[in-house]
Amino acid sequence: KFTFTVNALDNDTIENVLDSPTAQTILISQIREQIKSHRVDGVNIDFEYSGDADAQYVTEFSDFSKKLSAALKKQNPQIELSLSIMPLSARQNDIYAFAKLVPIYDHFIGMSYDYYGQNADISGPTAPMYGFAENKYFFDVSTTYADYLKFIPKNKLVMGIPYYGWERAVLNGKTFKSKTYPPASPDNYSAVISYARGREDKDLLKNQCQWEIGRAHV
């Protein structure tokens, strides 16, 4: 099956869409046209709101989701509508009111990656399986899905898996969770490293690559 993603990755864009019925109507019309033109099987909404959201935006996102679903299902009852959610979405006050959204969306895709992302101020694993309870990491994958399951039925959850990591320049490669160079520093460096290279590149061991391997069960 083929799904395309509609994303908004900053608060201003998301708020501008949610504040404007006209913008929502245009967006929904454009999504329907893409479905018609490319005969896709599903649509994924990826609105990544940062920080606490005002109650009005929580309500407006739920209302937008309801309008979008009704329009898409009218066009094609078989279309699948999914929502990407961030690791902390089940415990922070972002725009997702799960009680209202669960009946609307067919699937919820957990973005269980980039816990320590490109701009992290310390070097840590992209998707730590455990460690939150022990204060080893600020959060982890197992806790993320335990949180999700408090609000979302298991059969609607899809786990997003990172087949990559981050290679970074750090202040002291011999220490655990070393600080990275600040963005303004000429020594600042970060780049995606693929899973294949991470497993096969022997140079990484000589460059003090830190590994952590674990399993999570949902």
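Q: Which residues have the most contacts inside the largest nonpolar core?
A: Ile45, Phe47, Phe61 and Phe108 do. That core has 48 residues. Keep in mind that this is a predicted model.

Q: Okay, and which elements give two or more residues to this core?
A: Strand E1 (3-8), H1, H2, E2, H3, E3, H4 and helix H5 (141-148).

Q: Which of them gives the most?
A: H3 does, with seven residues.

Q: Let's stay on H3. Which of its residues are buried?
A: Tyr57, Val58, Phe61, Ser62, Phe64, Ser65, Leu68, Ser69, Ala71 and Leu72. Look at how those numbers are spaced along the helix. An α-helix has 3.6 residues a turn, so residues three or four places apart point the same way.

Q: What does Phe61 contact, leaving aside its neighbours within four places in sequence?
A: Its partners are Leu18, Ile45, Phe47, Leu83, Ile95, Tyr96, Leu101 and Tyr105.

Q: How far apart are the end C-alpha atoms of H3?
A: They are 31 Å apart. H3 has 21 residues, 55-75, and should span 30 Å at 1.5 Å a residue, so the two values agree.

Q: New topic: Ser84. Where is it?
A: Ser84 is in strand E3.

Q: Buried or exposed?
A: Ser84 counts as buried, because its relative accessibility is 6% and the cut-off for buried is under 20%.

Q: What does the side chain of Ser84 make a polar contact with?
A: The side chain of Asn44, at 3.1 Å.

Q: And what does Ser84 touch, not counting residues up to four places away?
A: Asn44 again, plus Ile45, Asp46, Tyr96, Ile109 and Met111.

Q: Zooming out, how many helices and strands does the protein chain have?
A: Seven helices and seven strands. From the N terminus on, they run β-α-α-β-α-β-α-β-α-β-β-β-α-α.

Q: What share of the residues is buried?
A: Buried residues make up 40% of the 218 in the protein chain.

Q: What about contacts between residues 24 or more positions apart?
A: They account for 70% of the chain's contacts with a separation of 6 or more.

Q: What is the average pLDDT?
A: The protein chain averages 91, and 94% of the residues score at least 70.

Q: Where does pLDDT stay under 50?
A: Over residues 214-218. For that stretch the model has ten contacts beyond four places in sequence.

Key
Residues numbered from 1 in each chain as written. Predicted model: local features only at pLDDT ≥ 70, side-chain atom pairs only at ≥ 80, totals over all residues. Heavy atoms only, no water. Helix = DSSP H or I, 4+ residues; strand = E, 2+ residues; numbered from the N terminus. Expected span 1.5 Å × (residues − 1). Buried < 20%, exposed > 50% of the residue type's maximum accessible area, 1.4 Å probe, protein only. Polar contact = N/O pair within 3.5 Å; in protein donor to acceptor, adjacent residues only side chain to side chain. Contact = heavy atoms within 4.5 Å. pLDDT = per-residue confidence, 0-100. Core = buried A, V, L, I, M, F, W, Y, C linked by side-chain atoms within 4.5 Å.
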